[in-house]
Structure formats: C-alpha cells, structure tokens
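This briefing is intended for a reader who wishes to relate the sequence to the fold. Please consult the display below before turning to the points that follow.

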Amino acid sequence: QVQLVESGGGLVQAGGSLRLSCTTSGRTFSSSAMGWFRQAPGKEREFVAAVTAMGWAGDTTYYADSVKDRFTISRDNAKNAVYLQMHSLKPEDTAIYYCAARYSKNIATRRDDYNYWGQGTQVTVSS
C-alpha cells in the first residue's frame, strides 16, 4: 500500500511563493510517475504538474498552461519526496492541492490515470 502525505500549504498574498511537499511510503517511489492536482471550491479536480519516474525519459516534466513558468515540480528519490515550488501566486491558484502517484513511469494528466492520492493541503492566495 502506498501512502502520500502533503504539506506546505497555507495563506499567502498574491505574488508570493509557497513550496508544497509530498512524502511517500510503501511501493517503490522511484519507479512511479508523480503528479500534482488541485481542486477549487465548486470545481473539478484539475491537473497541475507531473514528472516521470526517476531516470525515465530524461526526467520529463509537464505543466498545465495556467501554471507554466510559475510552478516547478521536482522529486528527490533519496527522500521519497516530490515537491511543487509555486511562484507569482494568484488568487485563482487558491485550492486544495493533491499529490498523486501512478504505477507507470510515464507522465499522465488525467485523474483516472493515477492510482494513489494524498489527502491534500490547502493553499489560499489573498488579493
């Protein structure tokens, strides 16, 4: 069984930065592609960013257009952790952010392609 635990959320002013962390336990972390999703009140959970498994496809990353050039996903396989560095935050970034893992080494952007989920961490950006 894989467990994912997010941390690092909080309240920040527009233009500020936050770094989310997701630590994992259980299944081999390094062979799993990892992703971040978010869900704002009254909206569907949406894709934010993903990274391939360690050493796969050149450690490729992929981002939603809405966060490209502002957010960076990275992983530290020694710590079984994945991070989401967020800069230039906007009020529309306010949401619960979820970490997710999938059996495959390849990136995916659909919720259904991920097998394990954390419980989420709240990010609130004030204007």
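Does Cys99 count as buried or exposed? Cys99 counts as buried, at 0% relative accessibility; buried means under 20% relative accessible area, exposed over 50%, and partly exposed in between, with a 1.4 Å probe and protein chains only. The model is a predicted one, in which local features need pLDDT of at least 70 and side-chain atom pairs count only at pLDDT 80 or more, while totals for chains, interfaces and linings use all residues. Residues are numbered from 1 along each chain as its sequence is written, and side-chain values use heavy atoms, with hydrogens and water left out.

**Overall architecture**

- The chain has eleven strands and zero helices; both are DSSP runs numbered from the N terminus, helices being H or I with at least four residues and strands being E with at least two.
- From the N terminus on, the order of elements is β-β-β-β-β-β-β-β-β-β-β.
- The radius of gyration is 13 Å, close to the 14 Å that the globule rule gives for 127 residues, so the chain is as compact as a globular protein of that length. This radius is taken over C-alpha atoms, and the rule is 2.2 Å times the number of residues to the power 0.38.
- Along the principal axes, the C-alpha atoms fill a box of roughly 40 × 25 × 25 Å.
- Of the 127 residues, 45% count as buried.
- The chain exposes about 6500 Å², of which carbon and sulfur atoms supply 45%; the areas come from the Shrake-Rupley method with a 1.4 Å probe, and for residues only the protein chains shown count as cover.
- Among contacts (heavy atoms within 4.5 Å) between residues at least 6 apart in sequence, 60% join residues at least 24 apart.

**The four-stranded open sheet**

- Four strands form an open sheet in the order S1-S3-S8-S7, with antiparallel pairing; two strands pair if DSSP finds at least two bridges between them.
- Strands S1 (3-7) and S7 (71-76) stand at the edges with a single partner strand each, so one side of each is left without a neighbour in the sheet.
- Neighbouring strands of this sheet are turned by 15° against each other on average, direction ignored. The axes are lines fitted to C-alpha atoms, for helices over the stretch in contact, and angles run from 0 to 180 degrees between N-to-C directions.
- S7 and S8 (residues 81-86) run antiparallel and are joined by six bridges; Ser74 has Tyr83 in S8 as its bridge partner.

**Ile73 in strand S7**

- Ile73 lies in strand S7 and is buried, with a relative accessible area of 4%.
- Beyond its neighbours within four places in sequence, Ile73 is in contact with residues including Met34, Trp36, Tyr63, Val82 and Leu84.
- Ile73 and Lys90 are 17 residues apart in sequence, and their C-alpha atoms are 18 Å apart in space.

**Strand S9 and its partners**

- Strand S9 (residues 95-102) is mostly covered, with seven of its eight residues buried.
- Seven bridges join S9 to strand S4 (residues 33-39) in an antiparallel arrangement, and Trp36 stands opposite Cys99 there.
- S9 also runs antiparallel to strand S11 (residues 121-126), through three bridges; the partner of Ala95 in S11 is Val123.
- Two bridges join S9 to strand S10 (residues 116-117), again antiparallel, where Ala100 has Trp117 as its bridge partner.

**The disulfide**

- The structure holds one disulfide, that is, a pair of cysteine sulfur atoms within 2.5 Å.
- Cys22 is joined to Cys99, with an S to S distance of 2.1 Å.
- Cys22 lies in strand S3 (residues 18-25) and Cys99 in strand S9, so the pair ties together parts that are 77 residues apart in sequence.
- The torsion about the S-S bond is about -75°, so the disulfide is left-handed.
- Cys22 is buried, with a relative accessible area of 0%.

**Val12 in strand S2**

- Val12 is found in strand S2 (residues 10-13) and counts as buried at 12% relative accessibility.
- Apart from neighbours within four places in sequence, Val12 is in contact with Ser17, Leu18, Leu89, Thr124, Val125 and Ser126.
- Val12 and Gln119 are 107 residues apart in sequence and 21 Å apart in space, C-alpha to C-alpha.
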